[in-house]
Amino acid sequence: MEKIAHRKYREILNRSFKKSFYQFLLKLIIEEKDKEKILKMFTVARYEEFRKDNDRSIWTELDRRSYQLRKISDEIAGIKILDIEKIFKDEQFKDKSNLFKNIYSQSFLKKEKFYEIYGDDMSPRYCSYCGISEDQIEKLFNKDEIKTKRWATRGRNMEVDRVQPNDEYNSELVLCCYWCNNAKTDEFSGDEFKNIIAPSIRMVWNQRLEKKDLSQIQVPAHSKNK
Ligand SMILES: [Zn+2]
């Protein structure tokens, strides 16, 4: 089972850790301002504390703002984006990331739980939004009805989506196809996407399936994806 699920798990763990790492760093930048002081506070123990704090929403929010703002003059909590980036790129901080990653993995979604959601390679996987299955995707590909040039790395297997885009991976996860994942980005909520956008994507799939005499997508019962 584990082959694809294992790879997917590693991907989301890495992505999610990176985000947490930079949120912690951002918190220190805002609180300490001075590089030497930040370095002093940049310890495993402090990071552990940060992870235990249940309300990290303010840092999630500020982190999001720091990505949205890109002009040299933009500021977050009185600190120039440019100065924040300087610290983010500083090797003295980056070097510690492995130590921190250990701490992070401990409170991250358990591998077993993830395997439960992702399933093994023997049972069919469906997109929770548009409803297409891996099997249907493969058939469309074989009939030259899949257009993406990214097929070598994405598309064949379902991806994992956080229903609420800015939540951590410990919150509600569903399987979704590359195309829905790509269209949902971190902009749309689960409901917005499921109710408004996904039905149109399903219509396109169904047209292509029909053209090749393949069976149509069943409207997904959502929520459960096994
Ligand atoms: Zn989909």
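The C-alpha centres of domain 1 and domain 2 lie 29 Å apart in this predicted model, where local features need pLDDT of at least 70, side-chain atom pairs count only at pLDDT 80 or more, and totals for chains, interfaces and linings use all residues. Domain 1 covers residues 2-107 and domain 2 covers 124-211, with bounds from an automatic or database domain assignment. Residues are numbered from 1 along each chain as its sequence is written.

Six residues from domain 1 and five residues from domain 2 make the contact, two residues being in contact if their C-beta atoms, placed from the backbone, lie within 7 Å. On the side of domain 1 that touches domain 2, α1 (2-32) and α4 (57-68) each give two or more residues; helices here are DSSP runs (H or I, at least four residues), numbered from the N terminus. The largest share of that side, four residues, comes from α1. By class, it holds two nonpolar, two polar and two charged residues (Ala, Val, Leu, Ile, Met, Phe, Trp, Tyr, Cys and Pro count as nonpolar, Asp, Glu, Lys and Arg as charged, and the others, Gly among them, as polar).

Next comes a pair of helices. Helix α3 (residues 44-52) packs against helix α7 (residues 97-107) at an angle of about 25°, with their axes 10 Å apart (axes are lines fitted to C-alpha atoms over the stretch in contact, and angles run from 0 to 180 degrees between N-to-C directions). Therefore α3 is roughly parallel to α7, a term for angles under 35 degrees. V44, Y47, E48 and R51 of α3 meet L99, F100, I103, Y104 and S107 of α7.

As for confidence, the mean pLDDT of the chain is 88, on the predictor's per-residue scale from 0 to 100.

Technical notes. Angles under 35 degrees count as roughly parallel, over 145 as roughly antiparallel, 65 to 115 as roughly perpendicular and the rest as oblique.
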